[in-house]
Amino acid sequence: MKPFLVNNLAEWKLFRIFATPKMKMMWMLAFTLLPLLAVAYISWHVWCLLPMSWIWKTLAVVLLAGSFLLMFAGIWRSTDRMPMTLAVAVYEIGTSSIFVLLYLFMLFLVLDLGRLVHLVPRTLLYGNWWTTGGIALFMVGLFLYGNLHYRHKYREELTFESPKVTKPVRLVMMSDLHLGYHNRREELHRWIDLMNDEQPDLVLIAGDIIDGSMRPLKDERMAEEFRRLKVPVYACLGNHEYYSGEPDAQQFYRDAGIRLLQDAAIVEGDLCIIGRDDRTNRHRDSLGVIMRKADRSKYCILLDHQPYHLEQAERQHVDFQFSGHTHYGQVWPISWITDAIYECAFGRHKRGHTDYYISSGLGIWGGKFRIGTRSEYVVVTIK
């Protein structure tokens, strides 16, 4: 597993090249042992809590740990060699287990702290059917809500005014679709219907259309769904397009009729759409170089997947920047971490005369849960 603060593939490669052997050893030990220690901590509590024979306890712990280990099948692309039905199940169970284990870890940690201050009696955590049933009901209810909340797509509406626009322009903007083993063609079909219902003049996508593996997109011919959009579609690359293989991703964009803007700009009526390559590509052009290609007399919209260094768009007098990538953490309290990392991790933002919107994404990575965050698309009117 790559270190948490190393936030894209290019940085991970640089880390492997320039880090000292001792640094590498420490990182690998920390980020291999920490998740395993967390699983061991949860497994121990489950073993103590269940009022069952050792056979059933062992089975429960093995299922718990095994679900977590399935996550690595997706990371190592083992799913690409499995039958599709099995690959989908392995991906969804493995990635969903991360969020389930996160909440179990927090729950048991709170109970242990309660024991330390003598608010929680020891009998509550050992061989107790009531506690077992209560935790099971809480987890089922929480993740059922998280799944239903994910399936509801929130419609965010924004309006901007500019003297550069001679007549109103309506845009649908989205990011982080993460099409793959979990977000499949049936889901994409519903999303495309939502887009068409808005009757936009343009559709703009700020990267991570692809989750990781190209196989489910090809097998289900998902590119055909994008061709149902009735207006021009422009997009930039995200980090996951690089994980899937950038040439394959570009071919998918072409098959889907999506115009890829990779450190490029194009004029559409009163708008100048600028697409910046993802920062995974360390050789991408600076924003200053890209803006030399832009028509600054038009209303300039920048698509840049990862919302780092927002001051650059302000310096270049970009009118509006649209980004994604953060997912706003997907579930609470990871949203607190994204708030600490980014100047703006979600929502509307302003710097000088430049407007920004950082989207939490239409799709999702991994388990289909939104707890304390939302899945959304953005409808923008510029007049």
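This is a predicted model: local features need pLDDT of at least 70, side-chain atom pairs count only at pLDDT 80 or more; totals for chains, interfaces and linings use all residues.
Local features need pLDDT of at least 70, side-chain atom pairs count only at pLDDT 80 or more, and totals for chains, interfaces and linings use all residues. Residues are numbered from 1 along each chain as its sequence is written, and side-chain values use heavy atoms, with hydrogens and water left out.

The whole structure holds 13 aromatic pairs (rings of Phe, Tyr and Trp, the last by its six-membered ring, with centres within 6.5 Å; planes under 30 degrees apart are stacked, over 60 edge-to-face, the rest tilted). Phe99 and Trp365 pair edge-to-face, with centres 6.5 Å apart and planes at 65°. Phe99 belongs to helix 5 (residues 84–116), and Trp365 to the loop between strand 11 (354–358) and strand 12 (375–382). The two are 266 residues apart. Helices (H or I, at least four residues) and strands (E, at least two) are DSSP runs, numbered from the N terminus. Phe99 is buried at 5% relative accessibility, whereas Trp365 is partly exposed at 27% (buried, under 20% relative accessible area; exposed, over 50%; partly exposed, in between; 1.4 Å probe, protein chains only). Phe143 and Phe369 are also edge-to-face, at 4.8 Å and 75°. Both are buried. Phe99, Tyr103, Phe143, Trp365 and Phe369 form one aromatic cluster.

Gln321 lies in strand 9 (residues 320–323). Gln321 is buried, at 2% relative accessibility. The C-alpha atoms of Gln321 and His182 are separated by 29 Å.

Met52 sits in the loop between helix 2 (21–49) and helix 3. At 34% relative accessibility, Met52 is partly exposed.
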